[in-house]
Each structure stands twice: as structure tokens, then as C-alpha cells.
Amino acid sequence: MVIEILLTILLIVVVFSVIMLHVAYATYFERKVIGHMQVRMGPMRVGPHGLLQPIADGIKLFFKEDVFPETADKPTFYAAPIICLVAALTSIAVIPFWEGMAISDINIGLLFILAMSSLAGWGVVLAGWASNSKYAFLGGLRASAQIISYEIAMGLSIVGVMMMAGSLNMSEIVKAQAQSPFGIYAIPQVLGFFVFLVAMLAETNRTPFDMPECESELVAGYCTEYAGFRFALFFLGEYVGMIVMASVGTICFLGGWTGPFEVPFFPIIWFMLKVYFLIFFFYWVRATLPRYRYDQIMALGWKVLIPLALGNVILTGIMKTFVWH
Amino acid sequence: MPGSYLPSDYMSVLFLLLFALGFGVAAIALGQLLRLRRPYHEKLVAYESGNEPTELPRFRFSVKFYLIAILFAVFDVECIFLYPWAIVYDKLGLFAFAEMLIFIFLLLAGYVYAWGKGALTWER
């Protein structure tokens, strides 16, 4: 029992370090990708090809002064970034990186991740409210409406996957997927996959849906009043959230750890490649599309994605009952 | 075996949660010892493009946001009802399909009504 607990803690420490390293280099990757898409170099100064840039950024943020606004609501202001980070990091627990390798393979994995992703929205809303600043307030308000709107679309988009896999357990979804005639659910669930991709961008507050923090009108939105490492915690939460969403997309639609052939000694390779591709997709969209207007975001969520997702559920039902039977 | 279920799977989830919490708190608390602190009034005032803040920041906002929240409560609950149905879809067959068509039809009726009333349209 004691050994089991120690092993679990060791596993958590290892996974946590790997995720943090990924977050650090996700920022570097983002700046490089967007840089090259805009025909410039991205970070080049710190280390060869700017490779040490994330570490320099981290050190800088750590030593920054912690500004605490006079009018802010103290406990909520303290709690908000931590809620964001904890909610995002806890979702990592149920993600299977390869066969049998998850911190905790609970039977309601998918539901747990949905719950945690809406909890991360809480952090954003509380931050906007607690800052007691107009920009932050507006950012938090917009975030709350946007996150709840796209949560419905996201929740509905994966119903098709649940119908096909017959489980909420992440590993079983991957296994059912590998046994299905298509190999990955992105083919029979193409509509669901599309809705998921759009909702994924909106849930993590990424461009083109970054209304909660759109710098051209709200300064920095909900994190306007946050400085130094508190701001960094929001940043970490956002990037961990991206990694989690990319992993969910990989597991539900792209076949998780399964690949065209087995790679010995390195079973995580396919999972990693697929997650990297989806993270690249986040940056690709950011470099390509301008920001939506707020009413357009709401219209897209409520009038396009929800009917599409519901249609996908009905379509999957028809196909499962009458065609693939 | 009813009554013998021990949610031991959730133990590691709890550990990870505590670990993440510890990381967040420790990073802020430890940094506090190393960080420079030089607060003065102008720095601590809520940001408003360099001006003194006017009025209260928590002003009245559009009633639309409340409407969205109510619609969310309705639709999200109905969405949750779809989950158990989706999980056992294979076992129930045609019965489940017909049942769900009725449910989704009712959901759509409410949706069309809300749309017709202009609840989903933002600008007015």
C-alpha cells in the first residue's frame, strides 16, 4: 500500500515535470510557428535559435514584483489563478498516454475532463470579478458567457464518440476506436470533430475566440491587474488547458496511442505526434484568422455549432441503427 | 458487490490535485521572499489607461448575459441527459433511437422557440 502510494507520487512528479517542460516549450513553439508564418524568425537571442527563451521568461516572471491592487477582493484575487492552474492540471490525471499508462484510469474520464475544463472557466470569471477593474470585469463577463456557450457545443460534439465507443473511460474509447473499421473516429465523426475543434479553441480562450483577453479593446482582459507569477499561473493554466484539450481530441477522434505501426520502447510517440499536431493547429489558426466580434462568437456557438452537434448525434444514431448494424 | 465499492482510483486524482495546489501556492509564497516590493498608491490603483478610475468597476451589464446563463442551464442539463443514453446505445437498439429522437425533438422545439424570441441574437 505504502509502496503503491509512493509509486503514484513518483509518477505524478514525473508527469508533472514533463507537462511543465511541454508548457514552457509550447510557448517557444508558438512564437516560432507564428514568427515563421509571418516571415520573421521568432525568438533568436537567448541560446541557439532562442532555445533558452522559455527559461529566461520563467526566471523573469518569478522575480517580478507582485502588484496587488488596493481595491481588489483579496481572497478571490489570490485564489483565481490557482483555481485555473489546478483545474487544468488535474485533468491530466485521467489521460492515458499509452496503453495502461494513465495516472488514474477512472471510468468517467471524459466527464471528469469536461467538469475540470468548466472549473478552469471559474478561475477566469473570479479573476475578472475580484480585480475590481473595468477591463478585468468585462473580460471576466465575456469569458463566462463564451465558455458556457461553447461548453454545450463541446459536450454535444463528443456524444457521438460515446455512442460509438459505449464508454466514458478514455482507454476504452481508444481501444474501441482501434477495433472500429475506420481506425479513428475522425472519419465517421467528421462533423463532431469539426465542432470539437472549434469549441476547443473557444474553451481555451484562444484566437479567434480570445475575447476575454483581447488586447486591442480590453488591455489584457481578466488578467489586467495580475502581475508577475500570478499572471504566469494563468498562463500555465491556459497552456496546460491547451495540452489537455489536444489530448482529448487525440483520444476521442484521432485514435490516441494507436498508430500505423508499433514503435518499440517508445509507446508514447504516436500520442505525442498527434497532440503536437493539434497544438500546432491552435497556432496555425491563431496566425491565420482575425478575432471574431462578440456577437459573431455567440451566434456561431448557439446558431451553428449546437444544431451541427445535435445533427451529428442524430446522424450517428441513424448510421449505427440502420447502416453499420 | 453493492456496498464494497472503494473509489481508490480517485486517490491519485486527489494526489495530483494536491500537488498542483502545492505547486501554485509554493511558487507564489517562495517567490515572495525573493521578489522586490515597492508599492505606492499610483501603482496599486486599478488600471484605467493611466487615469484615476471613474465610477464603480462593477457596473450594470447587458441583461443578455443573464439570458445566456439561463439558456446554458437548460441546454447543459439536457446535454447531460444524452450521455447515459449514448453509453448504453448499443444495448438498447431501436428503442433507444426512437426514445432519443423524441427527446431531441423536444429539445429542438425549445431551441427554435428561443431562437424565434430572439434570445440567441446578440445585437438589438
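These are legends for a set of close-up views of a predicted model.

A few ground rules apply throughout: local features need pLDDT of at least 70, side-chain atom pairs count only at pLDDT 80 or more, and totals for chains, interfaces and linings use all residues. Residues are numbered from 1 along each chain as its sequence is written, while chains are lettered from A and ligands numbered from 1 in the order in which they are written.

**View 1. Chain A as a whole, built from helices.** Chain A has 12 helices and zero strands; helices (H or I, at least four residues) and strands (E, at least two) are DSSP runs, numbered from the N terminus. The radius of gyration, taken over C-alpha atoms, is 20 Å for chain A, close to the 20 Å that the globule rule gives for 325 residues, so chain A is as compact as a globular protein of that length. That rule is 2.2 Å times the number of residues to the power 0.38. Along the principal axes, the C-alpha atoms of chain A fill a box of roughly 65 × 50 × 50 Å. Buried residues account for 53% of the 325 residues in chain A. Here, buried means 20 or more other C-beta atoms within 10 Å of a residue's own, exposed means 12 or fewer, and partly exposed is in between, with C-beta atoms placed from the backbone.

View 2. Chain A is split into domain 1 (1-63) and domain 2 (64-323), with bounds from an automatic or database domain assignment. Taken over C-alpha atoms, the centres of the two domains are 19 Å apart. The contact takes 17 residues from domain 1 of chain A and 16 residues from domain 2 of chain A, where two residues are in contact if their C-beta atoms, placed from the backbone, lie within 7 Å. On the domain 1 side, α1 (2-37) and α2 (53-63) of chain A are the elements that give two or more residues. α1(A) gives the most to that side, with 12 residues. By class, the domain 1 side has 12 nonpolar, three polar and two charged residues. For that tally, Ala, Val, Leu, Ile, Met, Phe, Trp, Tyr, Cys and Pro count as nonpolar, Asp, Glu, Lys and Arg as charged, and the others, Gly among them, as polar.

**View 3. The largest nonpolar core and helix α10(A).** A nonpolar core is a set of buried Ala, Val, Leu, Ile, Met, Phe, Trp, Tyr and Cys residues joined through C-beta atoms within 7 Å. The largest one has 122 residues, and those with the most contacts inside it include Cys84(A), Ala153(A) and Val240(A). α10(A) brings the largest share of this core, 17 residues. Both domain 1 and domain 2 of chain A give at least three residues each to this core. As for α10(A) itself, 24 of its 26 residues are buried. From first C-alpha to last, α10(A) reaches 37 Å, close to the 38 Å expected at 1.5 Å a residue; the expected span is 1.5 Å times one less than the number of residues. After α10(A) comes Gly255(A), with a positive phi near 90 degrees.

**View 4. Around Ala153(A).** Leaving aside neighbours within four places in sequence, Ala153(A) is in contact with Val195(A), Ala199(A), Gly301(A), Leu305(A), Ile306(A) and Ala309(A).

**View 5. Helix α11(A) and its cover.** α11 (residues 269-288) of chain A has 20 residues and reaches 28 Å from its first C-alpha to its last, close to the 28 Å expected. Its buried residues include Trp270(A), Phe271(A), Lys274(A) and Tyr283(A). Among what covers the buried residues of α11(A) are α1, α8 (190-203) and α10 (228-253) of chain A.

View 6. Thr204(A) sits in the loop between α8 and α9 (215-218) of chain A. Leaving aside neighbours within four places in sequence, Thr204(A) is in contact with Glu238(A), Gly241(A), Met242(A) and Met245(A).

**View 7. The side of chain A that touches chain B.** Here 63 residues of chain A are in contact with 50 residues of chain B. α12(A) supplies the largest share of the chain A side, 12 residues. By class, that side has 37 nonpolar, 14 polar and 12 charged residues.

View 8. Trp324(A) lies in the segment after α12 (294-323) of chain A. With 12 C-beta neighbours inside 10 Å, Trp324(A) counts as exposed.
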